[in-house]
Amino acid sequence: MIDLTQDDGLWTVTLNNSEKANALTSAMLGELVRIAEAATQARALILTGAGRVFSAGADLDEARAGLATSDLWERLSGAIAALPCLTVAALNGTLAGGANGMVLACDLRIAVPSAKFFYPVMKLGFLPQSSDPKRMAALIGPSRTKMILMAGQKISAEEACAFGLVDRVVEPEQLMPTAHALVADSLAADPTIAAGIAGLCP
């Protein structure tokens, strides 16, 4: 349910459980963690989804059975944030719940116009993973973070772009070409230079 392609330094990771809106199971999270922790030699990484939804977040049955408090979420977002290469989340549709963590950990986020963004963790009776509010607030500020996490607001792609939650909104047919264009310079660069620049950026 997680597809990985590697092409001349570019790692493309695709959530592929589209029949269930790419809801994340513990097995899928474990595979994502394995990939992210192994991607230290990648020169760029693109994270995307199959179908019309990027991810509905945690599989609800597994969330209630303990997945919601698993350390896999933090291991995944931490591994992505620590990568020395450029990471791009290419959001093919709505982003919900715990799936926000891996996306917030990416360097860049692009989305299709139909995407919605929400994180109904409080409504479901769970705390978000500890790094998620911090990363979200760094992008959009504390008030807008509370609008999503505490007021339970569903944010459109246009509003998310205005907030700074995503960096660019593109038509579906341009999503992956845009992601490839964004990583092109990093793929062509000396990896040590690219990593050095990444280390200089806050």
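Helix H3 (72-82) and helix H4 (100-104) each supply at least two residues of the lining of the second largest cavity, where helices (H or I, at least four residues) and strands (E, at least two) are DSSP runs numbered from the N terminus. H3 contributes the largest share of this lining, four residues. The model is predicted: local features need pLDDT of at least 70, side-chain atom pairs count only at pLDDT 80 or more, and totals for chains, interfaces and linings use all residues. Residues are numbered from 1 along each chain as its sequence is written, and side-chain values use heavy atoms, with hydrogens and water left out.

Among the residues lining the second largest cavity are Trp 73, Glu 74, Leu 76, Ser 77, Met 102 and Asp 132. A cavity is a set of points on a 1 Å grid over the protein atoms alone where a 1.4 Å probe fits but cannot get out, and lining residues have an atom within 4 Å of a point.

The structure holds three cavities of 30 Å³ or more. A volume is the space filled by probe spheres set on the points, which are joined across faces, edges and corners.

| Cavity | Volume | Lining residues by class |
|---|---|---|
| Largest | about 60 Å³ | eight nonpolar, no polar, no charged |

The largest cavity is lined by Val 13, Leu 32, Ile 35, Ala 36, Leu 45, Leu 47, Leu 76 and Ile 80. Helix H1 (26-38), strand S3 (44-49) and H3 each give two or more residues to that lining; H1 gives the most, with three.

Definitions and conventions:
On a 1 Å grid over the protein atoms alone, a cavity is a set of points where a 1.4 Å probe fits but cannot get out, and a pocket is an open set with protein on both sides within 12 Å along at least five of seven lines; lining residues have an atom within 4 Å of a point. Ala, Val, Leu, Ile, Met, Phe, Trp, Tyr, Cys and Pro count as nonpolar, Asp, Glu, Lys and Arg as charged, and the others, Gly among them, as polar.
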